[in-house]
Amino acid sequence: MLRQKVPWTLGLCLALIAGLAGSGCNNLAKAAGDPKKVRVGIVFDSGGKDDRSFNAAAYRGVKRAAKDFPIVLRDAEPGDPASLEPAMRAFAEVGYDLIIGIGFAQTPIVEAVAKDYPKQNFAIIDGVSDLPNVASLIFKEHEGSFLVGMIAARTTKTGVVGFVGGMDVPLIHKFEVGYEEGARAANPKIVVIQNYVGVTEAAWNNPGKGKELAVAQIGKGADVIFAAAGNSGLGVFDAAEQYQKYVIGVDSNQNWVKPGFVLTSMVKRVDNAVYQIISDLVNHRFKGGIHVYGLPDGGVGIAMDQYNEKLIPPDVLRQVEEAKAKIIRGEIKVTNAMEK
Amino acid sequence: MALEREKSLMKGLRQLIFPLAAVLAAFVAGSFLVLAVGDSPLATYQLLIGSAFTWPDGIGYTLFYATPLIFTGLAVAVAFRCGLLNIGAEGQLYIASFATAWVGITFAGLPAILLVPLCCLAAVLAGGVWGGIPGVLKARFGAHEVITTIMMNFIAIALASYFTQYHYKPPGDAILETVPIGEGGHIARLGRFVPGLPERIPLNLSFLLALATCVLVYLFLWRTRWGYEIRATGASPAAAQYGGIATGRQIVLAMALSGALAGMVGINEVLGYRYRYYDSFSSGYGFTGIAVALLGRNHPVGVILASLLFGALLRGGLFVDIFTEHVSKDLVMVLQGIIILFVAAEAMFRDRFRGPFGRRIKGV
Amino acid sequence: MLELREITKRFGDVLANDRVSFAVAPGTIHALVGENGAGKSTAMRIAYGFYSADSGDVVVDGAVRRFASPQDAIALGIGMVHQHFMLVEPMTVAENIVLGIEPGNALQLDVAGAVSRIRALSAEFGLAIDPTARIEDLSVGQQQRVELLKALYRQARILILDEPTAVLSPQAVRDLFAILRRMREQGKTIVIVTHKLSEVLEISDEVTVMRDGKVVGNRRTAETSAAELARLMVGRDVLLRVVKPEGHPGKPVLAVRGLSSGALGTKDRERRLDGVSFEVRAGEIVGIAGIEGNGQTELIEALAGLAEPAAVTGTIELEGRDVEGLSARARRAGGIAHVPEDRHRRGLLLDFDLAENSILGADDRPPVAVGPWHLWLNREAIRRRTEKILKAFDVRPPDPDLPARSLSGGNQQKLILGRELEESPKLLLVAQPTRGVDIGGIEFIHRRLVEMRDAGCAVLLVSSELEEVTALSDRLLVMREGRIVGEVDPARATPEEIGLLMTGGNAAA
């Protein structure tokens with residue numbers, strides 16, 4: 001009885017699996033998206049696309065592109081850093097035309113994968129690669145941070161402003177140094193306190209720690225805090241609301257997140273950069289190499305809208321506009337912390 | 001003799017039925033989940049299974065993902081054979097991987113013939129010590145290994161992070177990883193020997209090492225006195241003591257061995273894949289190892305099969321996550337969970353259908 | 001009242017019940033006896049609706065019944081007390097009894113009502129159980145009475161007891177039998193499944209004997225004898241008396257002086273040793289009688305090297321060499337073998353096969369272990385050793401690949417004895433050698449112990465069966481509260497004399 005039953009059951013299972021495997025193997029490239037269209041894959045960093053900040057900005061950009069162009073768009077949110085590379089390789093393996101890595105941490109991964117798949121195109125945000133099939137999209141965050149630093153220094157009543165960075169890495173030092181220089185330009189006696197959430201990828205994803213640091217800074221007198229910390233920045237927003245202080249958002253326009261408490265946001269138009277690169281690809285104009293976005297092209301800047309127009313007096317805005325013009329003309333040199 | 005062999009083959013096949021049924025049932029249950037979120041189960045499973053079996057990438061990656069799971073599955077199985085639940089494979093593999101990288105960095109100049117064995121030794125020793133400590137705590141003070149190994153996990157992960165961040169990170173590097181190990185520490189990727197398998201696929205010699213380790217573990221557990229004494233301790237400590245077995249020593253030995261096996265993940269990770277220590281590289285291999293051992297019935301052959309399954313699920317989960325509209329890779333977690341539930345429930349079923357003469361009844 | 005007609009039940013290849021028929025008269029105690037595996041339990045489980053028969057009928061009150069589950073049997077007034085109790089330890093007696101048939105409505109449990117009913121039942125049958133006590137605080141005998149109460153509470157008229165005395169001390173057996181007689185007086189019908197002939201003769205009105213799945217005899221208890229029942233059970237004549245030639249004691253092998261052990265973490269004052277001294281010489285069996293729990297277990301474990309070393313003081317000499325402080329392994333190497341009282345917990349690795357069980361205690365040296373550090377197990381040698389033991393000790397079935405769990409109690413015990421004797425020990429420690437062993441097995445084990453003695457081995461025998469220990473021993477020591485309270489000549493002393501020593505004069509206790 002058993003003798004017949006065992007092979008029978010086993011055979012059924014194996015046949016089923018083989019069937020699925022066979023059909024799946026054959027159609028894998030197709031199952032992964034219509035190969036006749038331009039296919040774009042995007043790999044978010046560990047913050048995920050809903051961080052309302054950096055990743056969210058990138059997501060907005062690709063969504064807009066997906067609406068405007070007939071492309072297949074798929075995204076991956078690996079969640080932990082070790083899974084970034086497999087996700088990117090999956091896109092490459094099934095033949096995606098453009099694969100975008102969000103965040104400097106993916107630079108070596110993009111480089112490695114782009115080397116293995118030289119016929120496909122890649123883009124990396126905040127990172128630099130000199131491979132011909134990789135477009136490096138970088139921003140002059142220090143210049144934008146300079147401007148919000150000025151606003152912070154003009155707004156504070158205590159003479160103390162804070163900075164909460166995400167991961168303690170050179171890229172975020174760029175924000176910090178620009179911010180501090182801007183604040184000092186507006187008020188030479190200003191005190192700037194800075195803290196970082198952590199030293200690992202997890203630092204982007206720890207709102208609790210972000211809030212803790214913000215509360216500590218508030219305790220030391222800070223009444224404006226610039227949060228350049230991805231998801232962790234949301235904790236700073238919480239603290240600002242709770243203690244009735246101001247916070248400055250980052251990357252995306254975050255003015256709406258806690259209306260009345262968000263002084264402004266240092267926007268980094270990742271969305272525009274991403275949209276642009278997809279548009280280039282669709283129009284057969286894709287070029288590797290470095291693409292810099294700064295103040296003149298609106299790649300970085302301050303966010304003004306109905307949520308914060310009452311928070312910043314016109315004379316402050318005027319001063320900021322002047323500084324912006326001077327930076328563009330090269331009359332003010334803001335230190336780029338990554339170029340030392 | 002031929003009949004004998006056929007009998008034992010049938011016995012082996014019969015062992016497979018329940019796990020297979022569990023896997024099948026999990027897929028059926030999972031398909032409802034897929035329907036509920038609004039995707040097609042057929043397309044989803046085509047992606048899930050198909051992506052795991054394409055040549056060369058699918059098979060290459062499935063085997064690559066299975067490699068660490070074989071090591072951790074064996075680790076959990078060996079401890080379990082001694083009646084111990086080693087939750088600490090995760091910490092053991094972290095500390096061992098770091099130690100492997102440390103040796104690879106510190107003695108970077110050595111030729112491969114020295115550096116590779118030295119690094120492997122570091123992996124085994126570091127894992128063994130890290131696993132042995134909870135063993136000693138259990139044998140000497142009766143501290144429960146579940147608690148101590150969990151705590152040791154935290155310590156291991158934090159320690160490795162700390163040394164990476166403050167002592168071994170390349171200056172200015174945005175990523176938390178150590179500097180690379182010496183060239184002599186690299187072990188070959190299988191792509192070098194297998195035609196059609198590109199070397200970009202990180203499947204490497206440690207996969208073969210994992211298979212060989214399964215054989216060694218089998219021989220150790222069932223053909224040596226130490227293995228016998230470990231298993232006796234696990235089956236009944238009172239009976240083992242009665243037989244003159246120093247159960248405390250077996251506990252320490254089993255835990256150290258378990259840690260060493262978990263530590264061998266470092267060989268795959270550091271010598272075969274990244275050539276450096278990469279912080280938080282393990283996607284819970286140590287914990288998945290528990291599921292692997294459970295599904296594999298704490299037997300090396302079962303561990304290989306279960307590792308292949310879970311390796312395929314890891315690979316397929318990635319594709320399902322990315323290329324379906326709604327289904328996320330959590331589906332794989334759900335599938336794993338259901339499989340484990342079924343397997344755990346099996347013991348109950350078995351007892352329920354056991355006749356009054358226990359297992360003497362052959363036909364049931 | 002209850003009748004089985006032509007019941008046949010097959011488990012795979014095993015014919016467990018082969019046209020089993022017998023009837024139980026109302027208001028009697030009916031014993032169902034047979035060796036382990038004779039099919040008694042299967043028959044009773046069919047009567048209880050736990051299994052369904054392949055063919056044949058269960059007749060209750062003259063009508064053929066079909067039971068889909070035990071619930072149906074319970075509804076007809078059949079109750080069963082299993083060998084292994086089905087009680088929830090942290091819950092109270094009353095809670096356990098009402099489990100599954102909770103009184104009151106869905107929201108409110110009417111515990112008070114149940115408690116008073118249980119109290120009344122307990123008084124009616126002399127069970128002396130407090131319904132509010134927690135199960136975990138009760139002795140084994142009391143737990144068994146809770147199981148009885150459970151059945152009575154469900155208004156059982158027919159009670160089936162599966163091996164009720166297997167787990168009980170002699171005192172508790174006496175108490176149980178008193179209760180059963182009282183139940184019979186109250187009109188209950190009782191079926192008791194057992195393999196102990198003395199109990200059958202003591203308690204039952206009628207006996208049905210089973211062997212190999214068949215009924216081989218029905219007798220009125222008053223008209224039969226132990227010898228006849230034993231012959232029916234085993235299928236041949238059985239020697240119920242131990243045949244023992246005169247012993248020739250030699251030099252002292254074991255000398256114990258002033259052996260004491262601490263309370264080992266238990267509050268129970270009796271569970272320890274207090275200055276025990278005695279000798280066992282080569283070629284003699286020294287028996288230790290006593291009520292269980294008076295230090296016998298501790299004594300054997302201390303001698304075998306299984307006690308916490310720090311808790312033991314005094315000297316243990318094996319052939320003049322002090323072995324106190326040596327590990328269990330070293331003592332085995334020195335020539336001490338041990339048949340433990342708890343063969344499931346200590347004596348066997350139940351899930352290991354017979355071959356692996358046959359090397360327990362001998363796995364660290366040739367011929368079993370070979371090569372550097374004696375690391376490798378010699379499979380050939382193990383197989384030879386196992387087959388030799390299985391053959392010499394008539395372990396059935398003699399298949400080295402079977403798990404030890406699948407053997408009957410008697411065969412398990414024979415395996416252990418064979419394994420321990422394989423090492424040709426100088427001293428054999430034997431505790432409760434025939435507990436849960438069928439008659440054929442008992443005879444075999446007793447004969448082997450005497451043979452060992454005659455071969456010059458020193459044997460220390462602990463048994464709570466007074467009959468056994470007096471029959472086998474050359475000298476008999478009596479233990480009470482951790483002390484040796486006397487030595488008697490087993491050939492001359494009466495059970496009353498020994499009982500007096502065991503109880504310390506309070507014979508009634």
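## Exercises on a predicted model

Chain C holds 17 helices and 22 strands (DSSP runs: helices are H or I of at least four residues, strands are E of at least two, numbered from the N terminus). The model is predicted: local features need pLDDT of at least 70, side-chain atom pairs count only at pLDDT 80 or more, and totals for chains, interfaces and linings use all residues. Residues are numbered from 1 along each chain as its sequence is written, and chains are lettered from A and ligands numbered from 1 in the order in which they are written.

**Exercise 1.** Judge how compact chain C is.

*Solution.* Take the radius of gyration, over C-alpha atoms: 25 Å. Along the principal axes, its C-alpha trace spans about 70 × 50 × 50 Å.

**Exercise 2.** Describe the open six-stranded sheet of chain A.

*Solution.* Start with the order: E2-E1-E3-E4-E5-E11, with parallel pairing (strands pair if DSSP finds at least two bridges between them). Next, find the edges. Strand E2 (71-76) and strand E11 (289-293) of chain A each pair on one side only.

**Exercise 3.** Examine the pairing of E4 and E5 in chain A.

*Solution.* Strand E4 (residues 121-125) and strand E5 (residues 134-139) of chain A share four bridges in the parallel sense. A:Phe122 stands opposite A:Val134 in E5(A).

Note on methods
Rg over C-alpha atoms; globule rule 2.2 N^0.38 Å.
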